Amino acid sequence: MTEFEDAIEDFDMDDLPEEEESMLEWWDFDDSAEMVEAVAGDIQFIIESALDARGDALLALPGSDEAMPVLEALAEKPIKWKYVTIIPTDDLLVPLDDPRSHAKKLASLFLTRGARVLPLAPDHEDYHMAGSAADARLRDTKWPPDLVLLGMGPGGSTAGIMESADMEEALDGPPEKIAVGLLPDDGDTPLVTITKAAICEARTVAVLLKGAANQSVLEMEIEQGATSMAPIGRVFADLTVPVDIYVEN
């Protein structure tokens, strides 16, 4: 038997290095309360690890109704909140006292705890100018975020990145741009969102999903990678950091 044949005979597939996909962790829950507590606990660990490592923490959190139970549980955690800065992943161009304002929702939970909540959407009528102002504002934070928490909306939208004439700028604009303004195709209220580049700079990313159908959609978009038509698929194609995906069945 030749040396090559000897090597093939002794070859063990377990000796191969693990693929990068091991960076994705799927967590399935049949109980919503159990999932809420698990996610809030994991975010607490991320915050406390950042505080231990650098003395402060920066989080990008959604202000969606779906995320609220997790955020409410997180706000109850005994964390040194005065060293934590929170920004919305996206926000509508509405006044801060508007009930639709994501900054208002986050502030109502975390300002009273002592955290700093930084509005993403400044008071500009022009959404392009609002995006530029938000981009400049975020550069004054201790970027990158320790965590970006995402959801998935219709058509595979995520953060505020959705079908619009501005979608490509949010997904594949200049890599140094971390926030942009966006006007949805449905003509709804304009908004400001962090970009794909900003999400991919995060130290950790987490995703909240509800239902097996949404899990199947996300799995398909992840498999399609850069060829995905959905914003979330395009984001995942460039993610190289740990990602936890929490699914409520």
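Colleague: Before we start, what should I know about the model?
Modeller: It is a predicted model, in which local features need pLDDT of at least 70 and side-chain atom pairs count only at pLDDT 80 or more, while totals for chains, interfaces and linings use all residues. Residues are numbered from 1 along each chain as its sequence is written, and side-chain values use heavy atoms, with hydrogens and water left out.

Colleague: Ok, lysine 196: is it buried or exposed?
Modeller: Lysine 196 is buried, with a relative accessible area of 7%, where buried means under 20% relative accessible area with a 1.4 Å probe and protein chains only.

Colleague: And where is the place of lysine 196?
Modeller: Lysine 196 is in helix 7, which covers residues 196-201; helices here are DSSP runs of H or I with at least four residues, numbered from the N terminus.

Colleague: Which residues is lysine 196 in contact with, leaving aside its neighbours within four places in sequence?
Modeller: Those residues are Ile161, Ala170, Leu171, Asp172, Arg234, Val235 and Asp238, with contact meaning heavy atoms within 4.5 Å.

Colleague: What does a polar contact join lysine 196 to?
Modeller: The side chains of lysine 196 and aspartate 238 are joined by a polar contact of 2.8 Å, and the side chain of lysine 196 also reaches the backbone oxygen of leucine 171 at 3.3 Å. A polar contact is a pair of N or O atoms within 3.5 Å; within protein, one must be able to donate a hydrogen and the other to accept it, and residues adjacent in sequence count only if both atoms are side-chain atoms.

Methods. Helix = DSSP H or I, 4+ residues; strand = E, 2+ residues; numbered from the N terminus. Buried < 20%, exposed > 50% of the residue type's maximum accessible area, 1.4 Å probe, protein only.
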